[in-house]
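The following exercises concern local features of a protein model. Each task is followed by a solution in steps.

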Amino acid sequence: MKANVAELLYQRIIKLSIILFSGMCLYPLFYILVLSFTKEREWVEKNGIVLLPADPTFNAYITIITKSPLFFNAFFISVLRVVIGSTLIVAFTLVMGYVTSRKGLPGKKIMLIMVLVTILFPGGLIPTYLVIKELGLMNKFPVYFIPSLVDGFGVLVFKQFFSNIPAEIEESAQMDGVSEFSMLIKIIIPMSTAVIATWVLFTAVGQWNSWFDALVYIRNSKLMPLQLIIYNLFQESLGFSFNQSILNPVSRVSSLTLKMATTVLGIIPILCIYPFLQKYFVTGVYTGSVKG
Amino acid sequence: MKKVFALITVLCVLIPTVFAGCGSESNSTTNNTTVVSSSSTTDVVATAATQTNKFEKKLKIEMMQGTWVGTPVGGADDVYKKWLDETFNIDFVLTGVPNFNEQVMVRFASGDAPDMVSSYDKNMIIKLHEAKLTIDDWNLYKDKVPSVFNSMSDAQRSAASVAGKLALIAPASAPQNWSFKIRKDWLTTLGLQMPTTPDELLEVARKFAKNDPDKNGKNDTYAFTSAGGKNGFGEIDNLICMYGPRDYYVGTDKKVTHPIIDGNYEKFLNFIKIAYSEKLIDPDFFTVGWEDRKPMLYNGKFGTAWYPGVLINETENATGITGKTIDWWDTMPMPKGSEEGGKLPAGGLFATVQTVSASAEKDQERLDRILAVIDATTYPNEGYFKLRWGQDIDGFVLKDAGDGYKFLNATGNAGVNKRGQYDGANKGLYDYGFSIATGADLVIESTQDTLTATAIRQKELDGITMKLPAYGQEGMMTTLDSTVVDQLNKIVFEFSFKYISGKDTNYAAFKDKWLKAGGQKMLDDSYTQLKAIGLAQ
């Protein structure tokens, strides 16, 4: 009986802790959502702490949707880089992972070391910039995915996963005359949906959230992704000197609601993808991590 | 199946290649289909035609700079670029980056330097100069940019010089319009006089914090506020000026000293210690940022604030333009805590600085074009008002406001002005004014076509501040090792907070530590530099 009470208490504390922790994680998101519907005057009157707007406004969303071609262009670029970038990166990474998982492949160790080196020793900003420039990728859309077509960490994950597929399955397929490519398409990939879905999600989220590559390599406003626009919106009034703050138009005219609404619209698409792929998450990440 | 494999392999290789070809090297700023909405389009075009004759070859010129707004420019609304392109026969590319220092280093280190650079950070531009990546000595181009040399003060030129060479140029420094503002209505409500000494200020502060000056029945007001942003005390540091200058300065003995050495910093800390222990100052002052602090400021919870007169405008806009807050604030002369105290800190020398890359300098035709742009858009030339305020080229009209001031309706109107502060305006266009803006133009931004009571009050407060005595600018005329300065700042921040919270009261040990950590070197360096320009002996 005592044990049951202790267990019950333990469970309740655990649940309470999880609820509190979840609340802490969700509050910033909730705050952004609430502010996107709050008039600036109410924000000021409540000293910047608004739980629910007394007089909600959709003005910020209407402004973005009806008067901001920049937003839609950036949104389109972000969607495009997610679709094209994720597809190509996962395809190339998967193929590299499959190749390096083959037994008896000549030069396999060297290939793996080359992959590992890219994880342990990143090129650095300036050398990478020079490579991008020399490749003629500056200010071009493919700069978003060509430099990361083969993801080193992804290769290791795929390799490990494929290595764990029982050799008997492949042997029986080979005995039936299946080629390497057919083996990959018809046997290996269907057996690897969990890891592929997980990697698609990782890559898609990474592509959606990326802004630094655009900041460095893109100067054409029509090729800027949404996250860079949001980053700029939030950077605008930081770091200015006192002399500058009087000259800075933005520091005098808050557009907080607009910023928050832009952020909400930037978050929604990736939130929509999560529920569809989340079920593969745990299986995908852990399958292949234990050998035996 | 082999065919399918081959097809997919070929596609994997071809798709990126095809996309690589689809991108465009040219910036969207090359779009020249803009329709100028200004009434004086004809004049602009006529001027452009004349100028174009002088500049036969069209050049692409890139300006890389920090940003105010940061949203991309160069679209169909960009009448500012159109004016620059047509007037100087260039393809002007404005690259605004929020993290300027990091970006500019990448560009220069990669051999892909922009033609012009402009930043808030003078030290960054000096670093580029020291690495011989920018114009070596602007004095050589005095004849090509006479307006710049006329507008820069001697103090600015001294502060911008390295080993006798002018490393950078800057817009004219603005008159000092920052001062402590105090709640005039609270003084009246509580029957108080304007404080003139630190003790009187503390007495007023106690009443502001304890006597419910806003009469809302709650104990929710503070006498002082500051936006430390986790980096220090913030602008409340200016209260050091009650006792003396707040930076390195030349004393009466013509030697260089500093408030930490002369004991004024200790007096200031003692003042803040009282304010902190008696809860007269917003307890978040050490952590809150400039923007985060605004709701409470606009909501009337603070009795004093370090701000220019535009505080009136900001507060009115944030509270619904009711006219009720116009008479909230008054300018507070700096209380006098010692014989040499009671002056405002020196006005800033630089809002932004700019220079030209060494690679652009080597190309004479390019350099001439860049210098022409710079000189034409320097205050008070006509080009300044076009680029900074959109006069003529973006439908904005500057009107006389008396006493040398001008005003314009900065809100703008859809269909008339491309930039402005209305919903849907392309605010990014403000960034064209980043490198040239100066408060010396005395332009007041109004929200209406007529001079509002808000703008008049703002002008009054700034006018009062500009007439108040201020300390000399010698502390800003030196170029000190930024790494050592950062280290010293950390030591000061750490000790200051411990001191006011009573955790460390050994000021002598702090002073000793500060000197050993580089303070003495900074004093020596300042002395050497100020002696070289005849300010110290």
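**Exercise 1.** Determine which helix gives the largest share of the nonpolar patch.

Solution. Helix 5 (residues 108-120) of chain A supplies the largest share, five residues; helices here are DSSP runs (H or I, at least four residues) and strands likewise (E, at least two), numbered from the N terminus. The members of this surface patch are A:Ile113, A:Leu116, A:Val117, A:Ile119, A:Leu120, A:Phe121 and A:Phe153, and its area is about 680 Å². A:Phe121 belongs to the loop between helix 5 and helix 6 (125-134) of chain A.

The model is predicted: local features need pLDDT of at least 70, side-chain atom pairs count only at pLDDT 80 or more, and totals for chains, interfaces and linings use all residues. Residues are numbered from 1 along each chain as its sequence is written, chains are lettered from A and ligands numbered from 1 in the order in which they are written, and side-chain values use heavy atoms, with hydrogens and water left out.

**Exercise 2.** Describe the packing of helix 8 and helix 9 of chain A.

Solution. Helix 8 (residues 167-175) and helix 9 (residues 180-191) of chain A pack at about 145°, their axes 11 Å apart. The contact (heavy atoms within 4.5 Å) involves A:Ile169, A:Glu170, A:Ala173 and A:Gln174 of helix 8 of chain A, and A:Glu180, A:Met183, A:Ile187, A:Ile188 and A:Met191 of helix 9 of chain A.

**Exercise 3.** Locate the cis peptide bond that involves B:Pro380.

Solution. The bond joins B:Tyr379 and B:Pro380, with omega about 5°. B:Pro380 is placed in the loop between helix 15 (364-376) and helix 16 (382-389) of chain B.

Terms used
Axes are lines fitted to C-alpha atoms, for helices over the stretch in contact, and angles run from 0 to 180 degrees between N-to-C directions. Patches are made of residues with over 30% relative accessible area and no salt bridge: like charges are joined within 9 Å, nonpolar side chains (Val, Leu, Ile, Met, Phe, Trp, Tyr) within 5 Å. Accessible areas come from the Shrake-Rupley method with a 1.4 Å probe; for residues, only the protein chains shown count as cover. A salt bridge is a side-chain nitrogen of Lys or Arg within 4 Å of a carboxyl oxygen of Asp or Glu.
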